[in-house]
Amino acid sequence: MICLVLSVLITTAAAAAEFGGEVLETELWCVAKNNAEDSALQTAVDWACGPGGADCGEIQQGGSCYDPPDMVKMASYVFNNYYLKNGLADEACNFSNNAAVTSLNPSQGACKFPSSKRVSNGSIADATSTQATTAAQESSDFSRARRMFTSCSLPFVVLGHIMTMTLIIHHL
């Protein structure tokens, strides 16, 4: 039991030291469910773009997310916009049970979805900032993953050594 507590304390301290005490956030998006009927999605999109107040410019002809054969893609963009504008509330990503929150970025090609990290006081930051996916950013994501693995594995290595030493001492 003491070893478990020690491991948790070491893991917490290592993670806090590794990331400067900052809390790691998960980006979230609201997307249409793949099994939703196109007619139900269209009804939800009509509501969200009208009374719901979502910004639907990107799904209009000429917009970066305009793709009439792919209703799930277009609905997802609208649902996500509505979700972000409504403070990431669970009920803002339902649309008659035709939507769900995900941590997988639904952006495709030029159609970029702002994430929950782009929300500040109910308004969505400039969408152009979401289009800057570069090799450097991806590389930094891999670097962060490597640091996370290192900081999380160290306590278990230390714990293994402590347990081994305890077993050796008890057998002497």
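**Helix 2 and its surroundings**

Author: The buried residues of helix 2 pack against strand 1 (29-32) and helix 3 (71-85). The model is predicted, so local features need pLDDT of at least 70 and side-chain atom pairs count only at pLDDT 80 or more, whereas totals for chains, interfaces and linings use all residues. Residues are numbered from 1 along each chain as its sequence is written, and side-chain values use heavy atoms, with hydrogens and water left out.

Helices (H or I, at least four residues) and strands (E, at least two) are DSSP runs, numbered from the N terminus. The chain contains four helices and four strands, and from the N terminus on these elements follow the order α-β-α-α-β-β-β-α. Residues in contact have heavy atoms within 4.5 Å. Among contacts in the chain with a separation of 6 or more, 72% are between residues 24 or more positions apart.

Helix 2 has twelve residues, 38-49, which should span 16 Å at 1.5 Å a residue; its end C-alpha atoms lie 16 Å apart, in agreement with that value. The expected span is 1.5 Å times one less than the number of residues. L41, A44, V45 and A48 are the buried residues of this helix; buried means under 20% relative accessible area, exposed over 50%, and partly exposed in between (1.4 Å probe, protein chains only). Viewed down the axis of helix 2, these buried residues fall within an arc of 100°, so they line one face of the helix. The arc is that of the directions from the helix axis to the C-beta atoms. An α-helix has 3.6 residues a turn, so residues three or four places apart point the same way. On the other side of helix 2, S39 and T43 are exposed.

The axes of helix 2 and helix 3 come within 10 Å and cross at roughly 35°. Axes are lines fitted to C-alpha atoms, for helices over the stretch in contact, and angles run from 0 to 180 degrees between N-to-C directions. The crossing of the two helices is left-handed, meaning that the near helix is turned anticlockwise from the far one by less than a right angle; clockwise would be right-handed. Helix 2 contributes D38, L41, Q42, A44, V45, W47, A48 and C49 to the contact, and helix 3 contributes M71, V72, A75, V78, F79 and Y82. Of these contact residues, twelve are nonpolar, one is polar and one is charged. Ala, Val, Leu, Ile, Met, Phe, Trp, Tyr, Cys and Pro count as nonpolar, Asp, Glu, Lys and Arg as charged, and the others, Gly among them, as polar.

In the chain of 172 residues, 28% count as buried. At 1.5 Å a residue, the 15 residues of helix 3 should span 21 Å, and its end C-alpha atoms are 21 Å apart, which agrees.

The loop between helix 2 and helix 3 includes G63. Apart from neighbours within four places in sequence, G63 is in contact with G57 and E58.

Helix 3 is followed by G87, whose phi is positive, near 70°.
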